[in-house]
Amino acid sequence: MKYSLSKYLSGIVAGLTLSLISSSGTWAESVAPSSFDSLNRLSTETLARIGEESFRAGDHDRANEAFTILRTRYDESADEEAQRLFARCFLIHGNNLYEQGAYSMAMESLLRARRISENNGWGDLHARSLGDIGNIYASNYDYVTATDFYRRALEATESLPADSLKDLRASVLNNLTGTYSMRGMVDSARIFSRRFELLGDMPDLRHRYDLQLTKALVEHAGGNHRAARRLFRRAISIADSMGLEPIYAAAVYSCLASSFEQTAQLDSALIYMHLAADVAADEGYMNEHIASLRDLARIYEAAGDKGRALWYRGRYVELADSVRLSEERDKLHTSEMLYALDSNATTIQGLNAIRTLQWRWLMGLTILLLVVAALLVIVLRQKNALSQAWNNLYERNRKQMAEEETFRQTIETLENRLTVAEKKAEELLSPTGADTTPEQTPAEGDVSSTDSGDTSSRSLTENRSLILNERLKKSLAQKIKYVMEETDLFCLPDFSIERLAAEVGSNARYVSEVVNDVLGLTFRAMLNEYRVKRAMHMLSDPANYGHLTIKAIGESVGYRSASTFISVFSRQTGLKPSIYHKLALEKQSAQS
């Protein structure tokens, strides 16, 4: 009978035969604080002891409180002793959650125990974690996966000394017999049953009962009902003689009923199933009682008693729904409680960490503020120094322009006086009525000298300065200055030395000589100087030129490219046009 045996295996083989973690080591003196906060103030070792003691006493809530706080304290970089303590706590916590039916959270805790023990090579804890994970799968009727984990646990124990983990080997072999029996793999079930028997006597009082039960399960799975019933009855006798809880006998009653049902001996099946149902009800094992009601409904249905079958089915549905709702509420309550505990523990841990690191953050912030303040001071000083340098350059250029303008006016006045004086002198020295034709600039190729009697034919390459006499140079220089200072021709983009020569009635060669010798500049340098001065004047006159951009001003003085204008202006004045314009506006605002 698959259903009753399935219930048996999930409740007995994966539950009652589960060997819980045995205590190891010496624990500190018991302390029992009453609140979560007081638990959180305890040491890790004390919390671990309280958690295990509460688990063994059946106080699941208190165990969860202790283990939840411990979870937040786990540190992967801790030493080996601390790592082993945490692995053991995760293992016990997983079993505590398993007994509460919180299978998902139990699995998460067991997996953490498995990972820590596996990474550190602790075969005992690793084997126990594998076996406990198998119990979770068995309780959820996944016997294939449960079998796989049981076998892994068994392999892990075989690498350890023969006398160590004997209780775990017995539990795993017992569970393997049950899962293989449920899967109908009789030969495998028989092998593991025999290995379980060969372990010999165990200190656990339940060992003799388990030994008879595994043998009976193998015979039952193989269809040998007579042998199975004999072994089942012997298991009941052992349970009674050893004073085991009535549920052990009730589980065997259920198995006997399944055996008689499979051989169509329905009267006997009903007798044993009623026994199982009564014991489960009397002892308060609600899940086992509900399963018995379901099986009774099925057996009465097979016996043709429709009325009783209908009554037991209705009773089964009623109780099953009630228990299912109760279990769901309990699981939700447990999950909510664990979430709250975990959140509280995480919060407390975070607050402690903040309190510990608070001064570091304060020091770091203080240092950061000091660095920022220092950088601001440096930036402000550099800005002030740069601003002062710009102002100095601006004042120097403005002063230079003013001085040049004054000097130019002075020179013009002196030259005018000199010209008047020269004319008077010529009038006095010249015969009356004589033809006084002014000197002309010599044509290109002509050579004239201040000494009219000198007929030597020295080449231009020997002494170029003799091409023009001083009087002609002076006259030509005045004409060049007039064009550059009194006209805007130099602002034309295509203004060249040839154009300047044409304007002064000479040629490019003579103009170049005069510019080089008299002004001490090249033509290009002279042109840039006049253009930049005109641009400086425009940048300093926002009333007339404030509507123009820097690029437009550059174009108005003859530069086709804004970048060329900015480069020449910066080289001449030491300031970019935009900065010069800004400083000019500031000066005018300050004066007004």
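Tutor: Start with a definition: a residue is buried under 20% relative accessible area, exposed over 50%, and partly exposed in between (1.4 Å probe, protein chains only). Tyr 300 has a relative accessible area of 6%, so Tyr 300 is buried. This is a predicted model, where local features need pLDDT of at least 70, side-chain atom pairs count only at pLDDT 80 or more, and totals for chains, interfaces and linings use all residues. Residues are numbered from 1 along each chain as its sequence is written, and side-chain values use heavy atoms, with hydrogens and water left out.

Student: What is the mean pLDDT of the chain?

Tutor: pLDDT is the predictor's confidence in each residue, from 0 to 100. The chain has a mean of 79. Of its residues, 80% reach 70 or more.

Student: Where does pLDDT stay under 50?

Tutor: Over residues 1-34, and over residues 433-466. Beyond four places in sequence, the model has 117 contacts for residues 1-34. For residues 433-466 it has 34. Where pLDDT is low, the predicted coordinates should not be read in detail.

Student: How many helices and strands does the chain have?

Tutor: Helices (H or I, at least four residues) and strands (E, at least two) are DSSP runs, numbered from the N terminus. Here there are 24 helices and zero strands. Of the 592 residues in the chain, 41% are buried. Take the contacts with a separation of 6 or more: 64% of them join residues 24 or more positions apart.

Student: Which residues have the most contacts inside the largest nonpolar core?

Tutor: A nonpolar core is a set of buried Ala, Val, Leu, Ile, Met, Phe, Trp, Tyr and Cys residues joined through side-chain atoms within 4.5 Å. The largest one here has 54 residues, and Leu 47, Leu 70, Val 172 and Leu 176 have the most contacts inside it. Its largest share, nine residues, comes from helix 5 (residues 80-99). Another core, of 40 residues, lies apart from it; Tyr 209, Tyr 248, Ala 251 and Ala 320 are among them.

Student: What is Leu 70 in contact with, leaving aside its neighbours within four places in sequence?

Tutor: Leu 70 is in contact with Thr 44, Leu 47, Ala 48, Phe 86 and Cys 89. Ala 216 can be read likewise. Ala 216 lies in helix 11 (residues 207-221). Its relative accessibility is 0%, so Ala 216 counts as buried. Beyond four places in sequence, Ala 216 is in contact with Ala 228, Leu 231 and Phe 232. Arg 233 is 17 residues from Ala 216 in sequence, and the C-alpha to C-alpha distance is 9.4 Å.

Student: How many aromatic pairs does the structure hold?

Tutor: A pair of aromatic rings is described by the distance of the centres and the angle of the planes. Rings of Phe, Tyr and Trp (its six-membered ring) pair if their centres lie within 6.5 Å; planes under 30 degrees apart count as stacked, over 60 as edge-to-face and the rest as tilted. The structure holds 16 such pairs. Tyr 180 and Phe 192 are stacked, at 5.5 Å centre to centre and 5 degrees between the planes. This pair links distant parts of the chain, 12 residues apart: Tyr 180 is in helix 9 (residues 166-182) and Phe 192 in helix 10 (residues 186-198). Both Tyr 180 and Phe 192 are buried.

Student: Why is the pair of Tyr 300 and Tyr 312 stacked?

Tutor: Because the ring centres of Tyr 300 and Tyr 312 are 5.5 Å apart and their planes are at 5 degrees. Tyr 300 lies in helix 15 (residues 286-303) and Tyr 312 in helix 16 (residues 306-429), so the pair ties together parts 12 residues apart in sequence. Tyr 312 has 14% relative accessibility, so Tyr 312 counts as buried. Elsewhere, ring pairs link Tyr 559, Phe 565, Phe 569 and Tyr 580 into a cluster.

Student: Which ring faces do Arg 84 and Arg 229 lie over?

Tutor: A charge sits over a ring if NZ of Lys or CZ of Arg is within 6 Å of the ring centre and within 35 degrees of the ring normal. Arg 84 lies over the face of Trp 122, 5.5 Å from the ring centre. Arg 229 lies over Phe 260, at 4.0 Å.

Student: What is phi of Tyr 141, and of Ala 264?

Tutor: Most residues other than glycine have a negative phi. Phi of Tyr 141 is positive, near 65 degrees. Tyr 141 is in the loop between helix 7 (123-139) and helix 8 (143-158). With 46% relative accessibility, Tyr 141 counts as partly exposed. Ala 264 also has a positive phi, of about 65 degrees. Ala 264 is in the loop between helix 13 (246-262) and helix 14 (266-283). Its relative accessible area is 59%, so Ala 264 is exposed.

Terms used:
Contact means heavy atoms within 4.5 Å.
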